[in-house]
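This briefing is meant for a reader who is meeting the structure for the first time. Please keep the sequence and the 3D view at hand while going through the points.

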Amino acid sequence: MRVILNGCGTFGSVYRQRIVEHKDYELVCVVDKDARILTTQTSGVIGTKTLEEAVSNVDADAVIITSPTGTHAQAAKYCLENNLHVLCAKPGPQSIMDADILAHLSELHSRACVVDYTMLNTPEVDYIHMVFAAYNAPHFMTSLRDVMGPPRPEGAVWDLLSHDVASFCEFMPRSIVVSSVKCVANRRGVSAKLFCGDTLVGEMEAEYACDAPLKRTSFAIAPKTTMVNPVVKLTWNQNYRDVTTRAAGAEKARQEFGKWPDPITLALDNFLFETETIGYEFYLPVASLRMKDVTRVLVALQESFENDGLEQTVVV
């Protein structure tokens with residue numbers, strides 16, 4: 001796949017390296033406003049200062065967007081309108097309208113639009129899906145994550161919780177749609193309750209202490225239910241991940257996954273799958289639906305964060 005990399009800063013440079021190393025990708029162009037970055041590209045890679053110039057003059061199949069977060073939605077719209085697949089670093093669109101527009105353009109042009117919610121491509125996520133599929137029943141799940149967080153509290157929602165919201169939406173039963181979020185957010189943390197109608201279907205917290213190197217986030221699906229078939233607990237930090245399961249008629253089991261695999265390589269593999277299957281007759285636009293669900297919850301959390309810590313209910 002021939003790709004344009006839009007943005008080659010700290011995060012984008014890591015993407016660039018993984019693209020070059022991947023056997024199924026060819027980097028054909030790098031877009032960045034910094035002329036010094038453009039002059040350091042290897043032979044055969046074109047450097048431009050604008051995405052428009054790159055799209056107009058370079059033969060490419062897809063664009064990978066790692067530019068500043070405020071530019072993600074507009075850049076993705078432009079690429080989809082020009083019949084290019086899009087892989088966007090998280091958090092992707094930061095408004096519900098933008099998420100809806102991107103999903104519509106993806107369907108209209110039969111081009112994949114994928115946000116790289118990094119943790120969803122990992123082996124433990126596949127394992128949890130396998131557990132849920134084996135029981136084919138409602139489930140209860142908790143997640144506890146310790147992570148090196150962003151340097152500013154303002155990043156708690158879009159930089160830190162975007163991963164947890166994406167995981168929550170990934171494992172929530174498809175029959176349940178979050179319709180409102182009641183949350184409190186301030187400079188020390190975020191606490192949210194998620195509802196489907198009047199039913200509490202999830203809870204989410206992020207402890208954000210600026211003076212602590214590790215930030216702790218958690219979420220629970222079906223937190224007030226007595227359902228125990230199955231129960232899944234996911235624990236992850238910088239060095240290891242493990243999944244503990246318990247179900248009626250079975251012994252408690254624990255599966256360890258060791259150190260993190262390279263998340264960007266996993267994202268590139270997943271993106272290839274999306275671009276290859278989007279044209280199929282029975283293609284289900286999971287990536288677009290997930291993007292819309294995640295954006296709705298994050299927008300509600302952000303609105304609360306900006307409301308001076310007052311409890312706020314936001315209709316999704």
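Two strands are said to pair if DSSP finds at least two bridges between them, and strands themselves are DSSP runs of E with at least two residues, numbered from the N terminus. In this predicted model, Cys88 stands opposite Val115 in strand S6, and the pairing to which strand S5 (residues 85–89) and S6 belong is a parallel one, with four bridges joining the two strands.

**The open sheet**

- Six strands, in the order S3-S2-S1-S4-S5-S6, form an open sheet in which the pairing is parallel.
- Strand S3 (46–48) and strand S6 (113–116) are the edges of this sheet, and because each has a single partner strand, one side of each is left without a neighbour in the sheet.
- On average, and with direction ignored, neighbouring strands of this sheet are turned by 20 degrees against each other.

**Helices lying across the sheet**

- Helix H1 (residues 10–21) lies across strand S1 (2–6), strand S2 (26–31), strand S4 (62–65), S5 and S6, and it runs at about 165 degrees to S1.
- Helix H4 (residues 72–81) lies across S1, S4, S5 and S6, running at about 170 degrees to S5.

**A closer look at H1**

- At 1.5 Å a residue, the twelve residues of H1 should span 16 Å, which agrees with the 18 Å that lie between its end C-alpha atoms.
- The buried residues of H1 are Gly12, Tyr15, Arg16 and Ile19; they cover an arc of only 105 degrees around the axis, so they are on the same side of H1.
- Thr10 and Glu21, on the other side of H1, are exposed.
- The cover over the buried residues of H1 includes S1, S2, S4, S5 and S6, together with helix H8 (263–277).

**A hairpin**

- Strand S9 (residues 189–196) and strand S10 (residues 199–207) run antiparallel and are joined by eight bridges, with Leu194 standing opposite Gly202 in S10.
- S9 and S10 form a hairpin with two residues between them, and in the turn Gly197 has a positive phi of about 65 degrees.

**Thr235 and its surroundings**

- Thr235 is found in strand S12 (residues 231–236), and because its relative accessible area is 16%, which is under the 20% cut-off, Thr235 counts as buried.
- Leaving aside residues up to four places away in sequence, Thr235 touches Leu144, Tyr240, Arg241 and Asp242.

Definitions and conventions: Residues are numbered from 1 along each chain as its sequence is written. This is a predicted model: local features need pLDDT of at least 70, side-chain atom pairs count only at pLDDT 80 or more; totals for chains, interfaces and linings use all residues. Side-chain values use heavy atoms; hydrogens and water are left out. Axes are lines fitted to C-alpha atoms, for helices over the stretch in contact, and angles run from 0 to 180 degrees between N-to-C directions. Contact means heavy atoms within 4.5 Å. The expected span of a helix is 1.5 Å times one less than its number of residues. Buried means under 20% relative accessible area, exposed over 50%, partly exposed in between (1.4 Å probe, protein chains only). The arc is that of the directions from the helix axis to the C-beta atoms.
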